[in-house]
There are 2 protein chains.
Amino acid sequence: MDFHYDKISEAVIRRLTDYLRCVRIASSSGETLLTSKDISETCGLKPSIIRKDLALFGAYGIKGQGYNTNELTYHLNNILGLNNIKDVILIGAGHLGTAIARYPGFINANFNFIAAFDNDPEKIGGNIGHTNIYSIKELNKYIKENQIEIIVLAVPSSAASGIVENLDSNIVKGILNFTSMVFPGRMNDMYVHNIDLAKELEVISYCMKNCLT
Amino acid sequence: MDFHYDKISEAVIRRLTDYLRCVRIASSSGETLLTSKDISETCGLKPSIIRKDLALFGAYGIKGQGYNTNELTYHLNNILGLNNIKDVILIGAGHLGTAIARYPGFINANFNFIAAFDNDPEKIGGNIGHTNIYSIKELNKYIKENQIEIIVLAVPSSAASGIVENLDSNIVKGILNFTSMVFPGRMNDMYVHNIDLAKELEVISYCMKNCLT
DNA sequence: TTGTGAAAGTTATAACTTTCACATAGTCAA
DNA sequence: TTGACTATGTGAAAGTTATAACTTTCACAA
């Protein structure tokens, strides 16, 4: 598989995740063949960019027919690195953390919440589904022993910096930050993505205010 | 306020929301003056693009000094339309819906969850903080009587299409979709933004797999 | 086996975005 | 009052991305 990785922008990758969702929806309703036009109608992009994005990674389509949903699912998962189950841990088992751990999208993408951590004695020892909740004091030990590469952060914002600064960046490679603290995208070789649930609503607010298309 | 709205891209607007978060953080730690370099170090962008973005909407900075945090907060909120409180309703009062309604980011952005709706008899009549939970059967009546423009959707994916299709698009202007169903960005004049909590983790997965910077 | 139609893959170009570098102007200290 | 300093605002250039239009190839039917 020789992808032209060096030329691929993050915008392309983001769109691939959209295509994947569209294919999942189509698959689940029994479709076996999907055209770039079909995908475009679901996710609101133009067919040409969908074809171009997919062609960057190889010719997966059947000319004159479209894309086979199973094949496309496999290839998209493969490109994104989602074909293998990956263990992640959750830090912060409050309302948001709980909702995240139960969110079906993580399961679809093969992410497995192997453990959760909190500082609330009432939560420690409990669980979220099959995910046990441990004391935050055991966090770094757990990361080291289990070589945890990906962390989902859903603690109060005030606690975020302290936790991130103490992570062992030789082991942890990715952080998904749901707090209101902002971290730069790259910190000591760790990828950090900040997610603000309200962000999209702020964008909608602007669009509504200015009557944009 | 004559902004050059027609020329502003969504990418700019998304960055403005980042700047706003950076300014909030700086303000809360007592800073009164912030340079484009300061902001760049927090959010991982280049100072030049920050200056350019802000200059699109007017000259808010003080040459040789930087940007006054209070003024910048005001202007950013004003540009995005966040200076006034806006009522939104939540559809789906499960784990995710509850977490969303309690998420501090919505309060910061002046969004007020005025009501929630669910079909679970055990939840109806209850509340999330100060937000009462009503039966989903009353949804459209409530939207009409209270002229609700913005909706946050956090129901199971299978229920999403049915709800969206029945919304009165003469009243509702914006939908924040947290389900795994995908809707195009524009539907009958309604702005729809799909949020997949797992999306950013999928992007991180790709970055990790390919050792990108 | 061959012809037709349909949609993938590809290319060239226009449109847009980012970046650099510098002139500008405000601040502060002497 | 003056001069040095600093970071903004801006214009031009470079770089990037999306789009339309085009070519290719596959599948199916006659």
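I count a residue as near a strand if one of its heavy atoms lies within 4 Å of it. I keep in mind throughout that this is a predicted model.

**Entry 1: around DNA strand C**

I started with the protein residues around DNA strand C and found 23 of them. Ser36(A), Gly61(A) and Tyr67(A) are among those that come nearest, along with Ser9(B) and Arg15(B).

Helix 3 (47-55) of chain A and helix 3 (47-55) of chain B each supply at least two residues.

I then picked out some polar approaches to the bases. A polar side-chain atom of Arg51(A) sits 3.0 Å from a base nitrogen of DNA strand C. In chain B, an N or O atom of the Arg51(B) side chain is 3.4 Å from a base nitrogen, and one in the Lys52(B) side chain is 2.9 Å from a base oxygen.

**Entry 2: the cores**

I moved on to the largest nonpolar core, which has 130 residues. Those with the most contacts inside it are Leu16, Phe106 and Leu197 of chain A, and Leu16, Phe106 and Leu197 of chain B. Its largest share, 9 residues, comes from helix 1 (residues 10-28) of chain B.

I followed Phe106(B) beyond its sequence neighbours: its contacts include Leu197(A), Ala198(A) and Leu201(A), as well as Phe111(B) and Leu176(B). I also noted a second, separate core of 23 residues, with Leu139(B), Val164(B), Ile175(B) and Met190(B) among them.

Methods:
Residues numbered from 1 in each chain as written. Chains lettered and ligands numbered in written order. Predicted model: local features only at pLDDT ≥ 70, side-chain atom pairs only at ≥ 80, totals over all residues. Heavy atoms only, no water. Polar contact = N/O pair within 3.5 Å; in protein donor to acceptor, adjacent residues only side chain to side chain. Helix = DSSP H or I, 4+ residues; strand = E, 2+ residues; numbered from the N terminus. Core = buried A, V, L, I, M, F, W, Y, C linked by side-chain atoms within 4.5 Å. Buried < 20%, exposed > 50% of the residue type's maximum accessible area, 1.4 Å probe, protein only. Contact = heavy atoms within 4.5 Å. Lists of a residue's contacts leave out its neighbours within four places in sequence.
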